[in-house]
Amino acid sequence: MLLMLPLMLVSCSPFALVNSETYNNAVLSDYKTFRIVTPADGQMPPGMESVTYYNIAAAIREQMLERGFTESAKSPIIINIGITIHRQLETQPVLPPGYTPYSGPYYNGYYPFFIYPRYNYWSSYYANAQVITGMYKEGVLTMDIVNIDKKLPMYSASVATIMENGNGQFRNLKGIAEAVQTLFSRFPVPVLPQYAKYN
């Protein structure tokens with residue numbers, strides 16, 4: 001997060017793209033449908049309200065539709081949503097001694113808390129079972145795109161922001177839309193021409 005601070009300060013946006021990575025040589029443009037994880041698929045991250053989830057899901061849905069994807073409850077492509085919260089209080093380390101984390105997002109000793117547990121499709125993922133509470137300082141929104149039928153991670157992106165007393169940028173519509181737009185800023189499938197002027 002310290003390395004991201006200069007990027008966040010020089011940018012006019014309060015959001016910084018942390019990572020945008022394609023896995024397993026996935027060609028996302030070969031897929032036409034998607035579905036977004038729901039709270040029924042797992043568990044809401046601690047502190048996330050339903051309205052926040054639905055606003056994030058709506059912003060992700062809009063980005064996918066603008067890229068020519070169609071939402072389908074039967075799609076093998078699931079978009080998982082994770083939140084990483086860095087809190088002021090100290091906690092025990094989340095990794096066992098000598099553990100080397102995978103190449104995905106890991107911030108200041110915290111992994112994202114995903115609605116659909118990531119270990120179901122990312123075998124090297126070490127789950128942090130701690131409940132995250134307290135005053136938030138930094139927040140990271142992570143999106144995974146997974147072929148859930150094959151349990152194959154295809155894409156992951158994360159965007160970070162500074163949170164203000166738990167009421168930060170991920171809790172209002174304008175902030176969520178801007179965060180998700182940043183999240184998709186290096187997505188390997190471009191926006192369709194008719195939507196390009198809006199992004």
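**Contacts, core and confidence in a predicted chain**

Reader: In what order do helices and strands follow one another along the sequence?

Author: The secondary structure of the chain comes to three helices and seven strands. Read along the sequence, these elements follow the pattern α-β-β-α-β-β-β-β-β-α.

Reader: Which element gives the most residues to the largest nonpolar core?

Author: The largest nonpolar core has 42 residues, and those with the most contacts inside it are I60, I81, I145 and F187. Two or more residues come from each of β2 (33–36), α2 (50–66), β4 (77–87), β6 (136–147), β7 (152–162) and α3 (173–183). With six residues, the element that gives the most to this core is α2.

Reader: Which residues of α2 are buried?

Author: The helix α2 has 17 residues and reaches 24 Å from its first C-alpha to its last, close to the 24 Å expected at 1.5 Å a residue. Just after α2, G68 takes a positive phi of about 90°. Within the helix, a residue counts as buried when its relative accessible area is under 20%, and the buried residues of α2 are T52, Y53, I56, A57, A59, I60, Q63, M64 and E66.

Reader: With which residues is I81 in contact, leaving aside its neighbours within four places in sequence?

Author: I81 is one of the residues with the most contacts inside the largest nonpolar core. Leaving aside its neighbours within four places in sequence, the residues in contact with I81 are I36, V37, Y53, I56, I60, F113, F114, I115, L141 and T142.

Reader: What is the mean pLDDT of the chain?

Author: Over residues 1–11 pLDDT stays under 50, and the model has 13 contacts beyond four places in sequence for them. Over residues 164–169 the pLDDT is also below 50. Across the chain, 66% of residues reach 70 or more, and the mean pLDDT is 74.

Key:
Residues are numbered from 1 along each chain as its sequence is written. This is a predicted model: local features need pLDDT of at least 70, side-chain atom pairs count only at pLDDT 80 or more; totals for chains, interfaces and linings use all residues. Side-chain values use heavy atoms; hydrogens and water are left out. A nonpolar core is a set of buried Ala, Val, Leu, Ile, Met, Phe, Trp, Tyr and Cys residues joined through side-chain atoms within 4.5 Å. Buried means under 20% relative accessible area, exposed over 50%, partly exposed in between (1.4 Å probe, protein chains only). Helices (H or I, at least four residues) and strands (E, at least two) are DSSP runs, numbered from the N terminus. Contact means heavy atoms within 4.5 Å. pLDDT is the predictor's confidence in each residue, from 0 to 100. The expected span of a helix is 1.5 Å times one less than its number of residues.
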